[in-house]
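Subject: Structure handover

Hello,

Here is the structure for you to look at. My notes follow below it.

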Amino acid sequence: GKIWVLHGPNLNLLGRREPDKYGVQTLEEINKELIHKAQTVGIPIQVEQTNFEGELIQWIHSMGPDDFLIINPGAWTHYSYAVRDAITSVQVPAIEVHLSNIHAREEFRKTSVIAPVCRGQISGLGGKSYSLALDYALEVLTQN
Ligand code: DQA
C-alpha cells in the first residue's frame with residue numbers, strides 16, 4: 001500500500017495565505033516533513049496539490065485498494081459531493097485534515113460533506129494535523 005496526501009484548492013499559497021489562520025509554514029515545508037517521515041519507515045508516499053476538482057478526483061480514482069488517503073479538500077470540504085463520491089467509489093480508507101479548526105470559524109465551514117466517508121477528521125492543529133494523520137496511516141499500512 002501507498003500513502004497519498006492530496007491538498008485541495010488554494011493550499012499552494014500556504015505561508016502567504018491568511019497566515020493568522022493557516023500559519024506561516026509553506027506547503028513545501030509541510031510536504032517535506034511528511035515525505036521524510038514515510039521514507040524513514042519505508043512506506044511509499046505520493047503528495048499532490050491541485051486547484052482543479054477533476055484533477056483531485058482523478059488522483060483518487062488512481063488509488064489502489066491497499067492505499068491510504070490523507071486529504072485536505074480545502075473549500076471543497078464544505079460542498080463537493082463529487083469528491084465525496086470519488087472516495088466511496090474506490091473504497092479507500094481516508095482521513096480528512098484541516099490546518100484551521102473548521103468548527104470554530106464561519107458557519108459554512110462547520111459542515112463537511114467529506115468527513116462522513118472518512119475514518120476521521122483532524123482539524124485545527126496546523127501542520128500537525130497532517131503529521132498525526134500520517135502516523136495513523138503508517139500504523140495501518142505497516143499492519144497490513
Ligand atoms: C482548510 C479549511 C477550509 O474551510 C478552507 O476553505 C481551506 C483550508 C484548512 O485546512 O483549514 O482552504 O481546509
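Is His-98 buried or exposed? His-98 is buried, because 24 other C-beta atoms lie within 10 Å. The cut-offs are these: buried takes 20 or more other C-beta atoms within 10 Å of the residue's own, exposed takes 12 or fewer, and partly exposed is in between, with C-beta atoms placed from the backbone.

Two points before you go on. The model is predicted, so local features need pLDDT of at least 70 and side-chain atom pairs count only at pLDDT 80 or more, while totals for chains, interfaces and linings use all residues. Residues are numbered from 1 along each chain as its sequence is written.

Active site

The unreviewed UniProt entry lists Tyr-22 and His-98 under "active site". They are spread over 77 residues of sequence but cluster in space, with a largest C-alpha distance of 9.1 Å. UniProt positions follow the numbering used here, feature names are shortened, and annotations may be inferred rather than shown by experiment.

Tyr-22 sits in helix α1, residues 19–22. His-98 sits in strand β4, residues 94–98. Helices (H or I, at least four residues) and strands (E, at least two) are DSSP runs, numbered from the N terminus.

Tyr-22 counts as partly exposed because it has 19 other C-beta atoms within 10 Å. Leaving aside neighbours within four places in sequence, Tyr-22 contacts Leu-14, Arg-17, Leu-99 and Ser-100. On the same terms, His-98 touches Asn-72, Ser-123, Gly-124 and Ser-129. Contact means that the two C-beta atoms, placed from the backbone, lie within 7 Å.

Strand β4

Strands β3 and β4 pair in the parallel sense over three bridges. Ile-70 has Ile-95 in β4 as its bridge partner. Pairing here requires that DSSP finds at least two bridges between the strands.

Ligand shell and binding site

The residues around the ligand are Asn-10, Asn-72, Gly-74, Ala-75, Thr-77, His-98, Leu-99, Ser-100, Ile-102 and Arg-109. A residue is near a molecule or strand if its C-beta atom, placed from the backbone, lies within 6 Å of it. By class, this shell has three nonpolar, six polar and one charged residues. Ala, Val, Leu, Ile, Met, Phe, Trp, Tyr, Cys and Pro count as nonpolar, Asp, Glu, Lys and Arg as charged, and the others, Gly among them, as polar.

The unreviewed UniProt entry places "binding site" at Asn-72, His-78, Asp-85, Leu-99, Ser-100 and Arg-109. These positions cover 38 residues of sequence and are also spread in space, up to 24.2 Å between C-alpha atoms.

His-78 lies in the loop between β3 and α4. His-78 is partly exposed because it has 16 C-beta neighbours inside 10 Å. Beyond four places in sequence, His-78 touches Phe-108, Arg-109, Thr-111, Ser-112 and Val-113. Arg-109 lies in the loop between β4 and β5 (120–123). Arg-109 is partly exposed, with 17 other C-beta atoms within 10 Å. Its contacts, leaving aside neighbours within four places, are His-78 and Ile-102.

In soluble globular proteins, nonpolar side chains tend to be buried together. The largest nonpolar core here has 30 residues, and Ile-3, Leu-69 and Ile-70 touch the most other members. Elements that each supply at least two residues include β1 (3–7), α2 (27–40), α3 (53–61) and β3 (68–72). Helix α5 gives the most, with five residues. Such a core is a set of buried Ala, Val, Leu, Ile, Met, Phe, Trp, Tyr and Cys residues joined through C-beta atoms within 7 Å.

Ile-3 touches Ala-38, Ile-43, Ile-45, Phe-68, Ile-70, Leu-134, Ala-137 and Leu-141, not counting residues up to four places away in sequence.

Most residues other than glycine have a negative phi. Glu-18 has a positive phi, near 35 degrees. Glu-18 lies in the loop between β1 and α1, and is exposed, with 11 C-beta neighbours inside 10 Å. Gln-91 also has a positive phi, near 60 degrees. Gln-91 is in the loop between α4 and β4, and is exposed, with 10 C-beta neighbours inside 10 Å.

Best wishes
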